[in-house]
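Q: I am new to this structure. Please take a close look at one part of it with me: the aromatic rings and how they pair.

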Amino acid sequence: MAAESESCNCDAWAAKDPSGVLSPYRFNRRTVQPDDVSLRITHCGVCYADVIWTRNKHNDSVYPLVPGHEIAGVVTEVGSDVKGFKAGDHVAVGTYVNSCRDCDNCNSFLENHCSKFVFTFNGVDTDGTVTKGGYSTHTVVHQRYCYKIPDGYPLEKAAPLVCAGITVYTPMMRHNMNQPGKSLGVIGLGGLGHMAVKFGKAFGLKVTVFSTSESKRDEAISLLGADNFVLSSNEKQMGVLNILNLL
């Protein structure tokens with residue numbers, strides 16, 4: 001067993017059972033194929049999905065389980081058919097690492113709606129292996145599911161954008177919630193809420209945060225730049241709902 005561990009090429013943190021407790025784990029990533037990008041992982045955001053699957057909340061966890069699908073890092077190797085990536089590039093990998101690549105959704109760049117898409121961790125890939133996530137030293141992914149991070153953008157800030165970020169950005173764009181001067185209400189200041197505040201301000205919106213916790217006021221106003229803060233248990237303050245354009 002010790003010799004087998006020494007031959008593995010990737011160090012990680014894994015849950016070994018539904019307790020969800022993480023401990024050191026070693027395994028082998030696949031060798032780089034013609035369409036693959038290999039990256040050294042520098043940062044991985046924490047998502048509640050990591051808690052759900054490490055603790056087997058959906059009764060489908062396969063252990064040992066390496067969580068993490070908000071991955072940012074530096075390209076170390078590319079396959080012979082890879083276009084657009086080279087060693088040294090800053091890249092990100094999000095919540096899925098494979099799909100059929102041939103259905104209407106895949107052909108419309110909506111791979112996350114493909115019936116055969118594969119989660120970045122605890123998913124069964126086309127070769128039958130169980131995927132392992134970003135709580136690890138490196139990963140190998142098909143170039144289609146790897147995204148370049150603009151030069152100079154901090155990797156630690158880029159990682160959450162491929163899960164929490166896109167989860168908020170997509171509906172905001174779909175529903176035209178990017179019109180400067182309009183007012184936006186954000187309910188809750190959690191992982192998604194703080195992204196909504198930041199996008200809202202970047203779009204030129206007047207942002208009001210609604211929260212059950214007074215302790216979030218300073219973070220909302222001073223740190224994230226919200227224009228107003230409303231304690232949702234205060235009936236008088238809640239009157240501001242009547243003047244919002246977007247929620």
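Is F117 buried, partly exposed or exposed?

A: F117 counts as partly exposed, because its relative accessibility is 26%. Keep in mind that this is a predicted model.

Now the wider picture. A search of the whole structure finds nine aromatic pairs. One of them joins Y96 and F117. This pair is edge-to-face. Y96 is buried, as its relative accessible area is 13% and the cut-off is under 20%.

Another pair is Y169 with F203. Here the rings are tilted, with 40° between the planes and 6.3 Å centre to centre. Y169 lies in helix α5, residues 164-174. F203 lies in the loop between α6 (191-202) and β11 (206-211). The pair therefore ties together parts that are 34 residues apart in sequence. Y169 counts as partly exposed, at 34% relative accessibility. F203 is buried, with a relative accessible area of 16%.

Back to Y96 and F117. Both belong to a cluster linked by ring pairs. Its members are W53, Y96, F117, F119, F121 and Y145.

The charged end of K132 sits over the ring of F27, 5.7 Å from the ring centre.

How values were computed:
Residues are numbered from 1 along each chain as its sequence is written. This is a predicted model: local features need pLDDT of at least 70, side-chain atom pairs count only at pLDDT 80 or more; totals for chains, interfaces and linings use all residues. Side-chain values use heavy atoms; hydrogens and water are left out. Rings of Phe, Tyr and Trp (its six-membered ring) pair if their centres lie within 6.5 Å; planes under 30 degrees apart count as stacked, over 60 as edge-to-face and the rest as tilted. Buried means under 20% relative accessible area, exposed over 50%, partly exposed in between (1.4 Å probe, protein chains only). Helices (H or I, at least four residues) and strands (E, at least two) are DSSP runs, numbered from the N terminus. A charge sits over a ring if NZ of Lys or CZ of Arg is within 6 Å of the ring centre and within 35 degrees of the ring normal.
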